[in-house]
Amino acid sequence: MAMAAASTTFFSCNQKLLLSRNVASSTKMAALFFGNRTISSIIRCAESSAQTKTPLHRSNVIEILEQRGLVDSITSPNLRASCSSQTLKVYCGFDPTAESLHLGNLLGLIVLSWFRRCGHKAVPLIGGATARIGDPSGKSLERPELDLETLEKNTIGITNTITTILNRSTPDVGDDDSFMVLNNYDWWKEFKLLDFLKKVGKYARVGTMMAKESVKKRLESDQGMSYTEFTYQLLQGYDFLYLFENEGVNVQLGGSDQWGNITAGTELIRKILQTDGAYGLTFPLLLKSDGTKFGKSEDGAIWLSPAMLSPYKFYQYFFSVPDSDVVRFLKILTFLDMNVIRGLEAQMKNPGYVPNTAQRRLAEEVTRFVHGQEGLDEALKATEALRPGAETKLDWKTIEGIAQDVPSCSLSYDEVLNISLVDLSISTGLLESKSAARRLLKQGGLYLNNNRVDSEVKRIEAEDIVDGKVLLLAAGKKNKVVVRIS
């Protein structure tokens, strides 16, 4: 069978089917999500039977989200009462437009997790079908079309990320069936156009569709909007209808730019099924206090997959958050008790406050949520070991762990041994000139393997090469170069 040849494996845990961690390494598992295959793309994920803590079952999740600044709009005030009186199924969509989720997707996972912590069921939905169209919300240009192989690879990558994060991120949930991952390609792949027009199109009003904010902005632009993009809101609307009717999903979540797509779904449910009980909730987009998007670095997106961004660099991104944003991000990006956050906020106003204490807590909590305790330990170890002047002994593995995040080069053993540190700093690109190197030496800012070098005549010796494989040069606290010895 085709499955026997696949390197990615499934294993049984507590009589539930779990996705193994190396799923992202093989595109062969694309059969789980596309085409006429024998295995469903529904992944029902189990929590460890050892997690027996009592969930916060009747804490009203809407009140919690509002308190933390995680509610932008809700479609009906009845949602608040429903959260207290019944167990809801809540879904949030993730289109596989890249191999990994990014920081902009993180709020969706956090809000899903809050619903789970309050005793509700979460349904992350992979947009295997809608990604072929491209959501125009918040976009000035139409998305480039993805080929099938890329789409399948992306689907596997983000499914693995979602499954891994949610499997370990809600320790207070005792229910071992508190979330399942679905793929909308499963119901779209056999849906014929004429059937869609008959079942859905007849209930859609063009005037209402044109009035959506995402549509109006694009129609006013020079690029305009294609018919394909124009229909996206109906595709997402039908997803909600399908999930409401077939999976008992009551609530759709999304960023504030998804309001039009979400209300398209609630309207279809009301018109086609002639029933109420379907709700939408939007959360604010992740923005800095100056209104710019949070989640971009000089090198691009902040990815959630460790294969695309190391836990060390992920941690460092949050550690560098300005004071003006850190308290708000503690509220919306962590599960810390509000009293703990208020305590950190009060500390920041005290004369004896140690700078970056709040940022350190933010970085620790978010890194643990995304990368687990193991990823956080890796980030903390690298952060401490790579601090100039740190007493932590460097090893080859620690230096290699950050090599992808800092400039690096490869030199032969003969090119390094007995060369002066000043010359090596220039040849590796750490510094531009000998005069700059000498000036930095006098200022005490030149480091070899975290040890400050004061002598201009210092030459590289065999014992300087860490584990016989690497050197770490640093100019000040931030500028580093990893030198691999070949």
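## Close-up views of a predicted chain

**View A. F318 is a buried residue.** At a relative accessibility of 0%, F318 counts as buried, a class that means under 20% relative accessible area, with exposed over 50% and partly exposed in between (1.4 Å probe, protein chains only). The model is predicted, so local features need a pLDDT of at least 70 and side-chain atom pairs a pLDDT of 80 or more, while totals for chains, interfaces and linings use all residues. Residues are numbered from 1 along each chain as its sequence is written, and side-chain values use heavy atoms, without hydrogens or water. The chain has 20 helices and 16 strands, taken as DSSP runs numbered from the N terminus (helices H or I, at least four residues; strands E, at least two). Of its 486 residues, 51% count as buried. Among contacts with a separation of 6 or more, 74% join residues 24 or more positions apart; contact means heavy atoms within 4.5 Å.

**View B. W187 and Y242 form a stacked aromatic pair.** The whole structure holds 13 aromatic pairs, that is, rings of Phe, Tyr and Trp (its six-membered ring) with centres within 6.5 Å, stacked if the planes are under 30 degrees apart, edge-to-face if over 60 and otherwise tilted. The ring centres of W187 and Y242 are 4.2 Å apart and their planes lie at 20°, so this pair is stacked. Because W187 belongs to helix 6 (residues 185-188) and Y242 to helix 11 (residues 232-246), the pair ties together parts that are 55 residues apart in sequence. W187 is buried, at 10% relative accessible area, whereas Y242 is partly exposed at 23%. Y317 is buried, with a relative accessible area of 13%.

**View C. Ring pairs build a cluster that includes W187 and Y242.** The cluster links W187, W188, F191, F196, Y238 and Y242.

**View D. Charged side-chain ends sit over the rings of W114 and W396.** The charged end of R117 is placed over the ring of W114, 5.8 Å from its centre. Likewise, the charged end of K469 sits over the W396 ring, at 3.9 Å from the ring centre. The criterion is NZ of Lys or CZ of Arg within 6 Å of the ring centre and within 35 degrees of the ring normal.

**View E. Helix 14 and helix 15 are roughly antiparallel.** The axes of helix 14 (residues 323-333) and helix 15 (residues 338-348) come within 9 Å and cross at roughly 170°. This crossing makes helix 14 roughly antiparallel to helix 15, a term for angles over 145 degrees, taken from 0 to 180 degrees between the N-to-C directions of lines fitted to C-alpha atoms over the stretch in contact. Helix 14 contributes D323, V326, V327, L330 and K331 to the contact, and helix 15 contributes M338, I341, L344, E345 and M348.

**View F. Several elements cover the buried residues of helix 14.** The buried residues of helix 14 are D325, V326, V327, F329, L330, I332 and L333. Their cover includes helix 4 (103-117), helix 13 (311-319), helix 15 and helix 16 (357-385). D325 is buried at 2% relative accessibility. Apart from neighbours within four places in sequence, D325 is in contact with K288 and S289.

**View G. V416 is a buried residue of helix 18.** Helix 18 spans residues 413-416, and V416 counts as buried at 0% relative accessibility. With neighbours within four places in sequence left aside, V416 contacts L411, I460, L471, V483 and I485. The C-alpha atoms of V416 and R484 are 9.9 Å apart, although these residues are 68 apart in sequence.

**View H. P306 lies in the loop between strand 11 and helix 13.** Strand 11 covers residues 300-301. P306 is partly exposed, with 48% relative accessible area, and touches P311 and H371 when residues up to four places away in sequence are not counted. A C-alpha separation of 8.5 Å relates P306 to G375, 69 residues away along the chain.

**View I. N418 and D467 have positive phi values without being glycine.** Phi is about 75° for N418, found in the loop between helix 18 and helix 19 (421-427). For D467, phi is near 55°. D467 is in the loop between strand 14 (451-452) and strand 15 (470-475), and is exposed at 53% relative accessible area.

Methods. Parallel < 35°, antiparallel > 145°, perpendicular 65-115°, else oblique.
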